[in-house]
Amino acid sequence: MKRTFTVGGMSCAACSARVEKAVSSLDGIEECSVNLLTGTMITSGETPEEEIISAVIKAGYTASLKDGKVKEKTSEKETDKSEFILIIKRFIVSLVFLLPLMYFSMGHNMFSFPVPKFFEGNHIALALLQLILSVIVMIINQKFFINGVKGFINRSPNMDSLVSLGSGASFIYSVFNLFMMTAGKGDYHNLYFESAAMILTLITLGKSLEAYSKGRTTDAIKSLMKLSPKTATVIRDGKELTIPVEDVVKGDVISVKPGESISVDGIVLSGNTAIDESLLTGESVPSEKKEGDKVFAATVNTYGHITFRAEGIGEETVLAGIIRTVSDAAATKAPIAKIADKVSGIFVPVVLILSLITLVIWLVVGKDTAFSLSRAISVLVISCPCALGLATPVAVMVGSGVGAKNNILFKTAESLENTGKTKIVALDKTGTLTKGEPVVTDVIPMGNFSSSELISMAGSLEKNSEHPLGKTVVKYAVENNIEISEVSDFKTLSGSGLSASINGEKIIGGKLSFISDYCEISDDVKKKADKLSDEGKTPIYFAKEDKLIGIIAVSDELKEDSIKAVETMKKSGLLVVMITGDNERTAKAVAEKAGIEKFYAGVTPDEKGKIIEKLKTDGRTAMVGDGINDAVALTSADTGFAIGSGTDIAIDSADVVIMKNSLTDVASAIALSKKTLTVIKQNLFWAFIYNIIGIPIAAGALIPLWNIEMSPMIGAAAMSLSSFFVVSNALRLNFVKINNDKKERKNKSMEITMKVEGMMCSHCEAAVKKALESIGGVTEATPDHTKGTVIVKLSEEVDFEVLKKAVEDKDYKVL
């Protein structure tokens, strides 16, 4: 059982490592992943919720079970902003007291800045003033001390422990020196009150920059949340009422006028319209909707008034599912992060030991206490476990967000990382490479059966099939007004064929290898079928009892972007293969058109899985599919891609979901994953190299060589900027152009759909077509009087009013 918890009080990677260790040690916990960036913990196992929360509390942090609801609440949207404002206020107030402190300490001593006569030569008065100002700054930033001490008490020291120890040591040593001065023994130049205050102020500045940058990493999720409408117009007791969308209940009838957004998911009850679903699917052409069709929250009604019944509300909507997928992906942990996790678990204790060793070594070699303590404090404050903890999650958060904005959903951080390592891409044919909307091209009856009888029996058999080819046969029968009968004993034999009874007689349909077991196929019939296959058509055989009654051939065209997508993948060094249940000849014809050299034909769903396993021995393999018959292969692959138009089973089996029905986005997903992985590696390199180089310098390793020493203040500044660098580097992913296909399509052609009222026949269509195609920039106009639409293709931008006038001049109304 998977559960998500909100964890509070974590300030660095050591904290998240501590929580993870505490919860993982519980009986019944199979897996535990803590994300510092999102402040969440995902657990798998049957351990009671109370035990998990108790373990987190014992580790020194707070925890609560997340409700899982997706909503644009102030806590999600404004927490980052309020955290940033709170920290920046703390920084500004700290700065107000730090500046005079710096003036009276370093300014007066090093640059002889003037001070009031009372302080001139009065070192004790100056020291007391510095003491008071530094105490104020420490009180303002007491959070570091509270969390730091808690860390020590709970035996889980963290970044705050290092900061509080460094600042506290500077302060205590300075106070000790002040008392010595009152006895006439102390040295005014050994006061470090300004270091104590400066460390806290600089770390606070770093935290404010970090909070601001971290807030921007969730921009993609926030922008998705903003899509959700705030109100809905429901019809209750015959009256239209505008209510908050949270108050909509299942079964409510909702009214939507032209230009309004759909508030929740539902089923159209009345009216006809076209819905702009581009925000969810990326498809620019509005989708026609009629009674019985599904509509989705956050899409826009372009024309016509409709009513629909609410079916999916709250977190049950498709939009909420997308947001949840992106959030869950950000909350999971990429495999590459395990290195940082292992280091984070021991980082703070190691730094404390190194700081102590530094202090002892400098004292042993004869340096005074002030110098030795300064080196030890520098080691404490320059060490940055935050950069290690943030290196991976910020990149995952931004990467998955960029993917969502481009209609690509990575389900986990692991899928985001592994997608970019793909070497082989296996493509399903039907619905993935092709449109998945084949048409009947040939009807070849056998024996005494007529074409109508063959279509009737075939349509009756295929009526209960989910396969696109079967639906094509049914559609052909309906369009030609051929009767479809009810069947009994309907059975599907995976990847092979169908059987059913019509009026007590057994009807069978499927490919050659399947049908051959039930009836004899002559060589002449096989030759006819082979010829159809050579033309890229798929022959489907039908038999009645033990006699062949005919062949129906269907053809499925390639999607517009399939050739381009395959070409892009090949250019990026990927091996592209096609796997299909279709026959060898049809598969070869489609593969050649798409530019694919290697393909597997005539395979069953189980065999697809075995082929994927075989391909995996040659390199990391991704499978792209859309149907139930692809589920085994999607699960077997290193990375499974489901095309958004596919079945729920395919989408559930996949690691990555392509929301738009576009193969080009598969190449884009791989490219985005590679770029994200590069950023993660850069961040981890920086986090490690910063500490590997910074700690020895802070300890004084360069002093014997070049007399270069690092003051605690410089160390604190470096620590502050290290986390900011990691987060800022991840934010660069927001500017990555992963899909130039949209731009190319836009430059190549533009297409709009006009809703026109009054067209009654083909003559009307011809009049509208002629009027529009006479306009410069219009390459083609395709009117359809049955749908009341005109699809207009443009080679350049044309004012809509010009198009509208041309149609209305012919006495038709543009809606």
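Contact here means heavy atoms within 4.5 Å. The structure is a predicted model whose protein chain comprises 30 helices and 30 strands. Of its 815 residues, 52% are buried. Among contacts with a separation of 6 or more, 69% join residues 24 or more positions apart.

**Helix 4 and helix 6**

- On the side of helix 4, the contact involves His123, Ile124, Ala127, Leu128, Leu131, Ser134, Val135 and Met138.
- These residues meet Ser167, Phe171, Val175, Leu178, Met181 and Thr182 of helix 6.
- By class, the residues of this contact between helix 4 and helix 6 comprise ten nonpolar, four polar and no charged.

**Phenylalanine 179**

- Phenylalanine 179 is a residue of helix 6.
- Its relative accessibility is 58%; because exposed means over 50%, phenylalanine 179 counts as exposed.

- Four strands build an open sheet, arranged in the order 28-29-27-30 with antiparallel pairing.
- Strand 28 (778-784) and strand 30 (813-814) form the edges, each pairing on one side only.
- Six bridges link strand 28 to strand 29 (residues 789-794), and this pairing is antiparallel.
- Within the sheet, proline 783 is positioned opposite valine 790 of strand 29.

**Helices packed on the sheet**

- Helix 29 (residues 762-773) packs on the sheet and touches strand 27 (750-757), strand 28 and strand 29.
- The direction of helix 29 makes about 160° with that of strand 28.
- Helix 30 (residues 800-808) lies across strand 27, strand 28 and strand 30.
- Relative to strand 27, helix 30 runs at about 40°.

How values were computed. Residues are numbered from 1 along each chain as its sequence is written. This is a predicted model: local features need pLDDT of at least 70, side-chain atom pairs count only at pLDDT 80 or more; totals for chains, interfaces and linings use all residues. Side-chain values use heavy atoms; hydrogens and water are left out. Two strands pair if DSSP finds at least two bridges between them. Helices (H or I, at least four residues) and strands (E, at least two) are DSSP runs, numbered from the N terminus. Axes are lines fitted to C-alpha atoms, for helices over the stretch in contact, and angles run from 0 to 180 degrees between N-to-C directions. Ala, Val, Leu, Ile, Met, Phe, Trp, Tyr, Cys and Pro count as nonpolar, Asp, Glu, Lys and Arg as charged, and the others, Gly among them, as polar. Buried means under 20% relative accessible area, exposed over 50%, partly exposed in between (1.4 Å probe, protein chains only).
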